[in-house]
Amino acid sequence: MTNDFMLLMPLIITGVGAIALMLIAAYDKVTIEQASMASMGVFGLAFLVQLSNTIGTAVVPYDTVFNGMLVISNFTKVAGLIILACGFFTSMSAHSYFKQNNFCTTEFYSLVAFSACGMLLLTMSQELISVFISLEIMSLAIYILVGYDRQNKRAAEAVMKYLMLGAFAGAFLTMGTALVYGGVGSTKFALIGQAVAANGFFTNPALVCGAFFILVAFLFKVAAFPFHAWVIDVYDGAAAPVTGYMATGLKTAVFAVFANFLVVDETMRAGWVNYLFYLSILTMFVGNLIAIGQTSLKRMLAASGIVHTGYLLIALVAVSSEHFSGSVILYYLGAYSVGTLGIFAALSYLGGANEKRQTFDDFKGLARVRPYSAAAIAIFLLSMAGIPPTAGFMGKLYIITSAISAGQVALAVFGIISSILSMWYYLRLIINMYFHEAVEGFEDTADFKFAPACTFILVVCVFAISLYPIAV
Amino acid sequence: MFEHVLSVMIFLPIVAGLVLLLTPAGKGIARLTGGVISFAGLVLGIDIFFKFKNQGPLQFVENIPMIPSLGINYSLGIDGISLFILLAGAVLLPMVYLLFTTKSKGYYANLLIVQGAMAGAVCAADMILFYVFWEVMLLPVFFMLGLWGGESRIPATIKITIYTIAGSLLMLLGIIYTGVSYHAQFGEWSFNIVQMTQLQMAGPVAVLAFFGFMIAFAIKIPLFPFHTWLPDAYTEAPTATTFVLSAIMAKIGVYAVIRLVVPIFDGEFARYALLLAYSGVIGMMYCGITAIAQKDFKRMFAFSSASHMGVIALGVFCMNLQALTGSVFQIVAHATSTGVLFLFAGILEDRVKTRKIADLGGIAYTAPVFALFFAIAMLASVGLPGTSGFIGEFLIILGAIKFNVLIGVLAGTTLIIGVCYMLWMFQRVFFEKTKPASEGFKDLTLTEGLTFLPVILLIIFMGLYPQPFLEKIEPAAQLHLAAADAGKTIALADNTHALVQGSTVETQK
Amino acid sequence: MIQSYLTVSVILFCLGIVGVISRRNVFTVFMSIELMLNAANLSFVALARLHESMDGHVLALMVMAVAAAEAALALAVVILLHKHKGKLDTNVFSLLKG
Amino acid sequence: MEHNVTFLGYIPILPLIGAAVLGLLHVGTCTRKPIHEKIYGVFACIGPLLSFVLALRVFFTLKGMPEEARYLTQEAFTWFQVGDLNISMGFLADPLSSLMLLFVTLIGSLIHIYSIGYMSGDKNFGKFFAYLNLFLGSMLVLVLGDSPVVMFVGWEGVGLCSYLLISFYCEDTDNVLAGNKAFIVNRIGDLGFVLGMGFLFWAIGAQGFDFMSLKANAHVLAPGVALTVCLLLFVGATGKSAQIPLYVWLPDAMAGPTPVSALIHAATMVTAGVYMVARFSFIYAHVPLAGEIVAWVGILTALLAAIFGMFQDDIKKVLAYSTVSQLGYMFAGVGVAAYSAGIFHVFTHAFFKALLFLGAGAVIYAMHHEQNIWKMGGLKKKMPKTYITMLIGALALAGCPPFAGFFSKDEILFSALATGHYGIWIVGVLVAGMTAYYTFRMIFVVFHGEPRDQEAYDHAHEAPAVMTVPLIILAVGALCAGFLNLPAIFGGHQQVSHWLAPSLTEHHPHASLFVEIIAIGASVLAFVIGIRAAYKRFGAGAEEPQFQGFAKFAYHKFYVDELYDAVFVQPYKRIGDAIRKTIEPSVTDGPVTLAAKVYMIAGAAFKVFQVGYVRVYALYMIIGLSVMSLLLSQSLN
């Protein structure tokens, strides 16, 4: 009983924190800096509690109350850890970001916490309607965060696109849920799994269609081809910390539930493997092609996010339903999150007022003026490119190993080719930062504390994670 | 302390380099640190040389588990083949700090890091660890080339980086595939290079993995036609970087072929050896012929280096003891001769501020010491008997004749091709009438002269008395060839076994 | 009987899809999405009858609640967009591209 | 008898040490205040003279041994050993090498002394002697090497020194080009040598790769392999000894100082090829076809060079072509398996050719570096010592009995006739006549008649003693060396041939007295006709002729240099240029840059899909979804 309570504690802490932040927003005395600290405190606390919970076996908390809607396993615990860390670092970099961008109110942090609640729930959900609800909790908060700067036309356009397409995908999820419910008579993963095991998967058209629609919705959220087009524009329009948050926390949560849904039964997973195979290849290559043509840094990172989705899909293809631990997926998500969050944290204070530095060329000569920041960005980029000894390399190593172990040699080959292709745009930023003369002095980026500290911590994490061994 | 000597050799420079990067040290301190650390490396290297026993298996082994679930260990060890590449780095790199005084802190730091990483790649006995160091050694080159290179450095930087990383990622694929195969065959995970030799690889995927490895190494060596990054990079890179690239890093490519490909992919290697050997020979001729048409002396040396690497690689592909031993010996010889030539080219460039051969002339009259040293290094590079270059080249040609007569004859043409462009260059730079750019060319200073002297003496010593080197190389070479042969023999034995069984069945009837 | 409900539901859903991709007015697009959600709701209720359980009804209610929240957000966005451009044509909003 | 000795190694090492000392002295001082020439001179001569003394010791030690076991060895250390290949840094002195040792060190020493006079005043005096010492050391390694590989060290070493000394006056581009040519052409030959060694090693080298083991195992060599090895080694010999087709470097090599031409490009280095063939006589003797080829190449070279020699106007070029021609004789000798005859010609040729070159050097020295014979004339009054010594040399070269050249050349021609090589014999006799003609053409034009350039003539003077004394010593050699191998018909015992016999695998042909008389008679007749023709034409002074027709063709050396340039050199350079300009950027690098470009263009093109209209994004989703559901419906069925 207390055990269940402790397991849900991080969720409760973030939820309560979110509400509390929302409430104190009513008081003028609370400055946004204080709110940011409070948010960091909430995420930090939740993270620590989650960390203390991490070791143990799968538990169904409050089985009788929730009727098995939520399941907490090591997989969800670690996913939760990543999400909470993302929230923490987002708050931290937002602290600096909002010193030069004046559209913040205290509610911003409340919404970050709310969306984190949604993400945490999403990882634990073992039932389609709770998937839908938690997905929407997460998404609604994120929609608002994307369009938080109401004076900014780009932000408004971004939220319009995101909301419209997100709701469109949400409709598919609902319809899919309805069809699965029609086919099986239940929305619980466990029961769906039993039904498939008993009657087979392809014998039940409603189930197949429903599962297909649900798959589409997940693929949309992780921005896989051909549902990727929104992600570039939305990342571009959103504020830097929010983009970082979306790219990492949201992706972690969705991939967690995606994996949970996929492994309910081996026949069902096997049914989708062919799709995922081609989709992951297409996703990687399309992502690379988009990324190579970009001049804006955020758009490039968005496109590279698509490529990383492709790698994660490789991992999904290679997971086994029998001994599913998801460690490879989570390791890769962790490594990817650290790199991406790091870059966005750096962008939070290097971007300048109103994010005036956006393109590759704006960062020319950064290394001459701000060598440590440039070094940190270079390390993050190298990690994303998968150069040892960074976390990104180990993530790639695990993914390729599991793919080859699962007999998916072709997928591994394409993954490698894709990482060769992706070298070019990662290197391009490093080359701009290091090998060109400084075009400006970056004076306005000097006096910040939180975002640089965040960057530094994440640099340490890049190397620390790479040393942490996991079992495949 | 001494059981971890390899770790010290690897991490002492890396840590020193990182510390330099992170602290606001001046360039004087950086150079001093670099000099001291690399000199310490030299001392350790010499110590290792004398404690090294003339045996085949790995020595100075260290083993610490890193990722137990995949059998990835931090394992180090050297044999006669790796010893000399390690030593080449340890002996040659201290020179850089003595010769080039004007670079900034970051440059020296990068040099230190690359030194450590190269040592790591050579000592690694685990494929993943090898891969890590292999990639890490590229990064300092990337920065050194991009930050301190010549005018058109950025395209050159991009080319070398993308090209090399493309190759190494394919190798990563191969590494993982071998690891997975090991798991499939023996039921446990391991990436240990020595254990891998037991592996039986067959089938189309094994061929793919083999080419994954070979392309990576072919790019690094570089083998024809994967050499096109080389002229730009070697030409644009600052001298010390070119020196590192040609003298040691390219050799690690050959070393990796010997260490990873020959024992593991024995069957594939034997099957494609002829193709590879042609690639080596054609590369040697192609680059050698191209060298004579170059207008820029650094570029000419770049092609010359590529040409020689073709011969060295050929020695590995011939798969016999003489060629393999010669190849490893030639690795060291080439590191001393061509590496030193690149340093000379750097000094030349520093003093005359041009890289055009046509602008120079008559340097020998005012700089006799420079001319003498240069001539000795040049003669070593063209393989004159009595210098280090001859022994290796002779052994390789000898082995090549055994391997395939045509290959042997073509390999022999290196004697002619090398001499053509070298003399042509030497004539125009050192002889003839003095040109304005080279007027009053200053001879080597005392420091420079004393820095080069040991290497020049080493070139001659290695030519006159190579036996101490060869007797360390030979057991390891023998072991590698035995491992490669074992694969074939087992395959044969399977066949004979089947035959014997068949015949017994028949006799029973 | 159940087929008829489901047929209507599917028709509604497809109409929603067509609306989303063919209409340019932001309002209409959001309405089309609501149509799709309602199609799902119709299926839920119908399928609840089929399975003779209350689950479907509850689910429909849940979806409605979420749809309402989404609609509220959508309205806010519509106002925001109108403030910026004075128009609600989706083709007007193409600052972010390429 | 103890065969292992320790003093063999000192023979090459002493000059090498000298080279190192001189070189360091020169390098250390040449940009500051130069050291006095005398110091260099003394240091330079110590090494060669000591080597000569040691060579004498070797000779007498060998002489004290029983004939069948005349050899001395020294194994200094294991040079390199890999698997079956075991090469020690070892030296072998047998009758063959001891003969070579003697004359190499003797002539080497003399030329060192001569050079002190000839080179005086040159600012690179020290460098010259360093190179000269280095050369002598390398030559001695070549002679003494106990295995083909050690021999090869000297072989390449002398090539290097040849290069360095040809391009000694390196400010002049032509000289350096001549040096390059020599080195490169020699390297082409060296390729043959290396490959020959390679084949030999894989055939019989596993039991030991020194000459003695090879000799012991030579009988197991398969005929095909033996022929290959012989021909490849002969390619090496053609490079070093300037035979067809690789003779082209030697005339150009005259760009070096004249003592160098005398020592390296006449007396010693160029005969290394003959020495090598004789060394490998244990293989050549088993492969008559190889010998046939060697002999024909040799005699044709002799003919070709003699034709060229008749039309040259540079005194050194005349001598250079005569050298090529005489080398051709030597190969003809070793080719018809008369190894001792070939080696004996090497021996006598060393004296008279060195003499002629040094004499020519004295003339050039006197004429202030004028080499065109048509600018000289009547010099015999001004330079009597030089004239007389050169006359002796010329008579020896032309084959006038009883000078040295007569006996050695006659021995070769006799062997050819006696072994039934009539063609070779006829050509050989013809060449003998031509030799007499061009030699005396030179003598008459330079020393007889009236001075053609009065001013130069007035300044001409006899060379100093340091130069004339070596001339006289050599003249004595040229006069008497032939008697060392006096054939039986003249009452001799052929001492040299007997001395060499243990080292060589040869069978002396037995021929009737009649054949011997025919051979001698033909030689003498050829000499008389040749010298008479020369006297008729040039004896009383003649003007520089204008060449027409065949003469012009021969004057331009049949345009062989131009041919080689057009067929080998220019295409080679053009290929290099083509690779640099076209192939490298477009063919080898092309795919790489193309791939990068395609990737960039595709990336730019792909931006078109990111139109920015949300409706279109929704459309992508629906299209993707439709395609996927189509596939799904297929898998459902």
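## Helices 14 and 17 of chain A

In this predicted model, the crossing of helix 14 of chain A and helix 17 of chain A is left-handed. Helix 14 (residues 327-350) of chain A packs against helix 17 (residues 391-405) of chain A at an angle of about 155 degrees, and their axes lie 8 Å apart. Because angles over 145 degrees count as roughly antiparallel, helix 14 of chain A is roughly antiparallel to helix 17 of chain A.

From helix 14 of chain A the contact draws on residues including A:Y331, A:Y332, A:A335 and A:G339, while helix 17 of chain A contributes, among them, A:G392, A:G395, A:Y398 and A:S402. The residues of this contact between helix 14 and helix 17 of chain A comprise 10 nonpolar and 4 polar, with no charged.

## Helices 3 and 11 of chain B

In chain B, helix 3 (residues 80-99) and helix 11 (residues 239-264) pack at an angle of about 175 degrees, with 10 Å between their axes, an arrangement that makes helix 3 of chain B roughly antiparallel to helix 11 of chain B.

The contact includes B:I85, B:G89 and B:L92 of helix 3 of chain B, together with B:F243, B:K251 and B:R259, among others, of helix 11 of chain B. By class, 12 nonpolar, 2 polar and 2 charged residues make up the contact of these two helices of chain B.

## Contact between chains A and C

Chain A brings 29 residues to its contact with chain C, and chain C brings 32 residues. On the side of chain A that touches chain C, helix 6 (128-146), helix 7 (153-184) and helix 10 (229-237) of chain A each supply at least two residues, and helix 7 of chain A gives the most, with 17 residues. That side of chain A has 17 nonpolar, 5 polar and 7 charged residues.

Note on methods. Residues numbered from 1 in each chain as written. Chains lettered and ligands numbered in written order. Predicted model: local features only at pLDDT ≥ 70, side-chain atom pairs only at ≥ 80, totals over all residues. Contact = placed C-beta atoms within 7 Å. Helix = DSSP H or I, 4+ residues; strand = E, 2+ residues; numbered from the N terminus. Nonpolar A, V, L, I, M, F, W, Y, C, P; charged D, E, K, R; others polar. Axes fitted to C-alpha atoms, helices over the stretch in contact; angles between N-to-C directions. Parallel < 35°, antiparallel > 145°, perpendicular 65-115°, else oblique. Left-handed = near helix turned anticlockwise from the far one by under 90°.
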